[in-house]
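Please read this briefing alongside the sequence and the model, which are shown just below. The notes are grouped by topic.

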Amino acid sequence: MDLTEGFYGTVVAEEPRAALLARDVLVDGGSAADAAVTMFFALSATLPSSVGVTASGSCVVHDPQSKTVQRLEFLPRPSSDAPNATTLPLAPRAMFALHARHGTTPLGELIIRAERIARFGAPVSRALAQELIEDGGAVAGDPNAAALYRPGGRPLAQGAELSQVVLAATLARLRSEGVGTLYSGALGRAFVEGAAAAGYAVDPDRLRDALPRWTPITEIEHDNHLWGVAAPTEADLRLAQAALGMVLESGDWADGDDAARAHLLAAALGEAALLAGTNTAITPDVLRQAASRITGDRRADSANQPLLAAMLGTSSGHRAGATSFFAVDSRGLGVGCAVGLGAPFGTGRTIPTLGVFLAPVRAEAVNGPGAFSLIVGNQNTGQFHMAASGAGGRRAISSMLETVLDHWVRRIRIDDVPALPHSHYAGGINTIFVEPATDASVVGSLRQRGYQVAPAETIATGHAFRCVEGLPRREIRCGVAKDPRSSGLMFFEFGG
C-alpha cells in the first residue's frame with residue numbers, strides 16, 4: 001500500500017486537549033481508529049457536558065483495505081421496559097469494536113491518556129467553560145456533580161483546575177479489567193446498583209447483551225463516492241442522510257445565488273425532517289423522489305410545525321449534550337463520530353460511585369443537542385477523499401452541510417470556506433437565521449420567498465478535510481477548513 005511520506009494524518013475535536021492527545025497517537029504511529037477512540041475517552045474527561053461513558057451515537061469509517069464505507073451504530077436504547085429507564089452505556093463497547101477492527105495501538109494505552117487527565121486534573125477549556133455557563137444549571141439537582149462543576153453555585157471558569165478522581169477510577173477499571181466489565185462484570189453491577197439508587201431501572205440482562213452493530217453505507221452515492229454520515233440518534237441520522245442526499249441529488253447547489261442556496265437547504269431540511277419522522281427507509285430511490293419536491297420556491301408544510309420544531313429547532317442558540325470528531329491517517333483510514341448524552345449533562349444525575357452521568361432514553365427535543373460527522377470514500381479505488389463535522393445544537397446540520405457543499409459542489413477552496421456566512425432554517429418558526437456577514441440582498445430575497453429572517457451571531461461550527469486526489473498517495477493535495485467559530489482544535493500533521 002502506498003503511504004504518504006511525512007504525513008501523519010489529521011484530527012479535529014471541539015475540545016482542544018482531546019485533539020492534542022489524538023494527534024500524539026497518530027504521530028506515534030497509531031491509526032485513525034486509535035485517534036478516534038482516544039478522542040472519545042478524552043472528551044469524557046474534558047467535555048463531560050456532551051460526552052461520557054454513557055453516551056450513544058454512531059461512527060462512520062472508510063476502510064481502504066476493503067474499499068468500503070461502513071457505519072458503527074450504538075444509538076440510544078432503553079435500559080429496561082420500565083418508565084424510569086435510562087440509556088444503555090453502549091459507547092465503550094462501540095469503541096472496543098472500532099479498535100478491534102481498525103486499531104493498532106493497545107487499547108489500554110489509549111484509555112490511560114484520558115484516565116490521567118481525570119485523575120491528575122487539567123485546566124477547564126474554553127469549550128467546557130462555555131457549556132457550563134450556558135447549560136451547567138442541569139447539574140444543580142445532583143450534589144456531587146454540582147460540587148464538582150459548579151462549586152459555590154458558580155460554573156467553573158476557563159483555566160480553573162478540574163480533577164475527576166472517581167471518573168478516573170472508572171476509566172482505570174475499563175482499561176485494566178477490559179470494557180466487558182461494564183456489561184457483565186463488577187463494573188456492570190455497580191452501574192445497575194448506582195442507577196437504581198439514582199432512580200433509574202437497568203435490566204442486567206439487557207445491559208449484558210447490548211452490542212453495537214456494523215452496517216454498510218449504501219444510501220448516498222455521488223460522483224462515484226460513498227457518502228456516510230454519523231449522528232447521535234436515529235432521528236438525526238435519518239435527518240442528515242435525507243438532507244444531504246436530496247441536495248446532492250437535486251444538482252442545484254452550484255446554481256443561483258446565496259439566497260437560492262439558503263432556500264434550497266431550508267427546503268431540504270424541512271423535507272428531510274418530515275421524512276425522518278416516518279419509518280420510510282432512506283434509499284437512493286427515496287432520495288431521488290424527495291429531491292423532486294425541493295425545487296422551485298416550495299417550502300416545508302407548516303401543518304407539520306411540531307415535527308419541524310423537534311428536528312430543526314426554534315432558535316439559533318448553542319446547546320451542549322452532543323459533539324463530533326474525526327481522524328484520518330496516512331493509510332487512508334478515515335473515522336468520523338458523533339456522540340451525545342441526549343441533553344446537556346444527560347439527565348443531570350450521576351452515579352456517584354462511577355463519576356458518570358446517566359443519559360435520558362429520548363434526546364431533548366426542539367432546541368436540544370445536535371452533532372454530525374461525514375466521511376467520503378471512493379469504493380472503486382479504496383481511497384479516502386473527505387471528512388467533515390458539525391456541532392453546537394440543532395443548527396449543526398446546516399453548518400456541516402454548507403461547509404461540505406460549498407467546497408465539493410461549488411469548488412470553493414477548502415481553506416476559504418470557513419469565512420463564508422452560515423444560515424440555518426429553524427423549521428419550528430419558519431425562520432432562517434443568518435450570520436452578520438450575510439448580504440442584505442440575500443435577506444430580502446429570502447423574505448420575498450416567504451421566510452422570516454433573523455440575525456444570529458454564529459451558526460454552529462463546520463470543519464472539513466479534503467484530499468482531492470485521495471489517500472493513500474505518495475504525493476497529496478489536501479487542505480483543511482478549520483472553523484474559527486469553534487473552541488476546539490484541528491491538526492493537519494506533516495513531519496520530517
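In the hairpin of β2 and β3, which has 4 residues between the strands, K67 takes a positive phi near 55°. This is a predicted model, in which local features need pLDDT of at least 70 and side-chain atom pairs count only at pLDDT 80 or more, while totals for chains, interfaces and linings use all residues. Residues are numbered from 1 along each chain as its sequence is written, and side-chain values use heavy atoms, with hydrogens and water left out. Helices (H or I, at least four residues) and strands (E, at least two) are DSSP runs, numbered from the N terminus.

**Strand β2 and its partners**

- Strand β2 (residues 56-63) and strand β3 (residues 68-74) pair in the antiparallel sense over 7 bridges, where pairing requires that DSSP finds at least two bridges between two strands; within this pair, C59 stands opposite L72 of β3.
- β2 is also joined by 7 bridges to strand β10 (residues 334-340), again running antiparallel, and A338 in β10 is the bridge partner of S58.
- In a regular strand the side chains alternate between the two faces of the sheet.
- In β2, S56, S58, V60 and H62 point one way, whereas G57, C59, V61 and D63 point the other way, and all are buried; buried means under 20% relative accessible area, with exposed over 50% and partly exposed in between (1.4 Å probe, protein chains only).
- Because 8 of the 8 residues of β2 are buried, the strand is largely enclosed by the rest of the structure.

**The six-stranded sheet**

- An open sheet is formed by 6 strands in the order β7-β8-β13-β14-β18-β19, with antiparallel pairing.
- β7 (221-222) and β19 (478-481) stand at the edges with a single partner strand each, so one side of each is left without a neighbour in the sheet.
- Helix α11 (residues 234-250) packs on this sheet, touching β7, β8 (225-230) and β13, and its direction makes about 150° with that of β8; contact means heavy atoms within 4.5 Å, and axes are lines fitted to C-alpha atoms, for helices over the stretch in contact, with angles from 0 to 180 degrees between N-to-C directions.
- Helix α15 (residues 396-408) lies across β7, β8, β13, β14, β18 (461-471) and β19, and runs at about 145° to β14.
- Strands β13 (residues 371-378) and β14 (residues 383-391) pair in the antiparallel sense over 8 bridges, with M386 in β14 as the bridge partner of V376.

**Helix α3**

- Helix α3 (residues 91-102) has 9 of its 12 residues buried, so it is largely enclosed by the rest of the structure; among the buried residues are P92, R93, M95 and H102.

**Two individual residues**

- T350, placed in strand β11 (residues 350-351), is buried with a relative accessible area of 8%.
- Not counting residues up to four places away in sequence, T350 touches D142, N144, A145, A198, V356 and F357.
- R485 is placed in the loop between β19 and β20 (489-494), and its C-alpha atom is separated by 8.6 Å from that of P418, 67 residues apart along the chain.
- With the neighbours up to four places away in sequence left out, the residues touched by R485 include P418, H422, E435 and T458.
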